[in-house]
Amino acid sequence: MALRLVKHVFAKYPITANAVTFGSLYVTAEFSQQVATKKVLAPTPEPIDTAALGRYAIFGCGVGSHILYFWYKWLDKRYAGTAASTIAKKVLLDQFIMTPQLLVAFYLTMAILERREDLFEEMRNKYAKTFQTSCLFWLPVQTVNFVLVPPAARVVYVGTSSLIWANILCYIKRQPQEPSQEQPQEK
């Protein structure tokens, strides 16, 4: 009964259902990161940063979910089927065409919402590491998804994987930035 209702909601309201689901995954990941770093591992417990949770909700519900919804709709239409060559194309296009753009959207959205003076500073410092980590995570995950996971279980598999990835992304974002590699120019 519940599964039927979920399928109905995703069929009737796909953009909204995907936005709420994706946004919830990102907020849950950020919340779990904050609990770990501010409550469990901190020498003195700190309050949860609700503003950060709000920023992840905005990115997840309003930016990332929409980008991915239309991307996967296009990708599935353009590369239909489950042949090995089709799966390889989809995985590689997803990782090397969409992921770089999605990571830019993530860092830029967060910088805007955080009202950073230099909107690109954090992206310059963390983008390469984030993309490399994404490749290490998503290439095998998506290969397993398309090769071993039955179609009826893919949503649960990808949802679980997305929650793990969102935790990784929140962890990378939370790390202090290394000093800029740019050298000041002498006058």
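Predicted model: local features only at pLDDT ≥ 70, side-chain atom pairs only at ≥ 80, totals over all residues.
Two packed helices are described by the angle between their axes and the distance between the axes. Helix α1 spans residues 2-12, and α2 spans residues 14-40. The axes of α1 and α2 come within 5 Å and cross at roughly 115°. On the α1 side, the contact involves V9, F10, A11 and K12. These residues meet P14, A17, N18 and T21 in α2. By residue class, the contact of α1 with α2 comprises five nonpolar, two polar and one charged.

A second contact joins α4 (residues 84-113) and α5 (residues 121-148). Here the axes come within 9 Å, and the crossing angle is roughly 150°. Angles over 145 degrees count as roughly antiparallel, and α4 and α5 are therefore roughly antiparallel to each other. Their crossing is right-handed. The residues of this contact divide into 15 nonpolar, six polar and three charged.

The second largest pocket has a volume of about 180 Å³. Its lining consists of E30, K38, D49, A52, R55, Y56, M110, E114, R116, E122, K173 and R174. Helices α2, α3 (50-78) and α6 (154-174) each supply at least two of the lining residues. The largest share comes from α3, with three residues. Charged residues account for nine of the lining positions. Three are nonpolar, and no polar residue is present. Among the charged residues named in the lining are E30, K38, D49 and R55.

Technical notes: Residues numbered from 1 in each chain as written. Heavy atoms only, no water. Axes fitted to C-alpha atoms, helices over the stretch in contact; angles between N-to-C directions. Helix = DSSP H or I, 4+ residues; strand = E, 2+ residues; numbered from the N terminus. Parallel < 35°, antiparallel > 145°, perpendicular 65-115°, else oblique. Left-handed = near helix turned anticlockwise from the far one by under 90°. 1 Å grid on protein atoms, 1.4 Å probe; cavity = no way out; pocket = protein on both sides within 12 Å on 5 of 7 lines; lining within 4 Å. Points joined across faces, edges and corners; volume = space filled by probe spheres on them. Contact = heavy atoms within 4.5 Å.
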